[in-house]
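The sequence and structure come first, and the text follows.

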Amino acid sequence: MNQESLLAVAPVVEVERKIRPRGSEAPKRSASLPKTKLLKLLLWLGRTCHQLTGRHVLLYGFLGELYAARKFRIELHKDPHREGSDGRLGNQLVEIKTIAPRDEKRKVRVKKTGNFGLLAIVSIDADFKIEAKLIRRRSLRKSAGNHFSVYWDDFPSDYDEIAGS
C-alpha cells in the first residue's frame, strides 16, 4: 500500500477508533452506532478504493443492509447469518438485496425459499448515489427456477402503502 493509499484510509481508522474503543468487542449488529456517519464513511470508502485501485470493495451488501434499515426503519436480526431474511419491519420479515456499482444489470436474485414478506432493494450506482425500494413478496412475478429475478425498474416502492397500514 503506498503512502497516498494509507492517507486515504486514515479517516477510516479514526472513525473505527471512535466507534469501537480499543480493547472492546466488536459492536453487536443491533448496537446504536452513528449510522448516518457510518453510511457516509462506507460510501466514501467504496468510492475512494475504486478511484485508487480501479476495483470495488466487498462491502456493498453490508452497506445496503444499513441503508435499508435506516431508511425503512427495519430492525436487523442480531444474527447476520440467519437464513431467509435480514430483519423485521413490524411483524413482517424483510430480505435485503443490494445492487452494487459494478453490477451491469440493475437486478437482484432472491431465493424463493427465503422466509420473507418484504424485499428491500438498495441500489448504489456508478457515482455512488444510493436509493432503495421496498416491495411486497406477493408483487414479485412467478417464474420457473429457485430464484426471483427482480429488476430495479420493474417495480415501484410499496413503502408508502406499507408504512400507512
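## Rings, a helix and a pocket

Arginine 137 lies over the face of phenylalanine 116, 4.4 Å from the ring centre. This is a predicted model. A further charge over a ring is that of lysine 112, whose charged end sits 5.6 Å from the centre of the phenylalanine 148 ring.

Rings also meet rings. A pair of aromatic rings is described by the distance of the centres and the angle of the planes. The count of aromatic pairs comes to two, and the table gives their geometry.

| Aromatic pair | Centre to centre | Angle between planes | Class |
|---|---|---|---|
| Tyrosine 60 and phenylalanine 128 | 6.4 Å | 40° | tilted |
| Phenylalanine 72 and tyrosine 159 | 4.9 Å | 45° | tilted |

Why does the pair of tyrosine 60 and phenylalanine 128 tie together parts that are apart in sequence? Tyrosine 60 belongs to helix H3 (residues 60–72), whereas phenylalanine 128 is in the loop between strand E5 (118–124) and strand E6 (130–136), so the parts joined are 68 residues apart in sequence. Both tyrosine 60 and phenylalanine 128 are buried.

The pair of phenylalanine 72 and tyrosine 159 links helix H3 with helix H4 (residues 159–164), so it ties together parts 87 residues apart in sequence. Phenylalanine 72 has a relative accessible area of 1%, and it counts as buried because that value is under 20%.

Helix H3 thus contributes a residue to the pair with phenylalanine 128 and another to the pair with tyrosine 159. H3 has 13 residues, and its span from first C-alpha to last is 18 Å, close to the 18 Å expected at 1.5 Å a residue. Its buried residues are Tyr60, Leu63, Gly64, Glu65, Leu66, Tyr67, Ala68, Ala69 and Phe72. An α-helix has 3.6 residues a turn, so residues three or four places apart point the same way. Just after H3, arginine 73 adopts a positive phi of about 60°.

E3 supplies the largest share, four residues. By residue type, the lining divides into four nonpolar, seven polar and seven charged.

Technical notes. Residues numbered from 1 in each chain as written. Predicted model: local features only at pLDDT ≥ 70, side-chain atom pairs only at ≥ 80, totals over all residues. Heavy atoms only, no water. Phe/Tyr/Trp six-rings, centres within 6.5 Å; stacked < 30°, edge-to-face > 60°. Helix = DSSP H or I, 4+ residues; strand = E, 2+ residues; numbered from the N terminus. Buried < 20%, exposed > 50% of the residue type's maximum accessible area, 1.4 Å probe, protein only. Lys NZ or Arg CZ within 6 Å of the ring centre and 35° of its normal. Expected span 1.5 Å × (residues − 1). Nonpolar A, V, L, I, M, F, W, Y, C, P; charged D, E, K, R; others polar.
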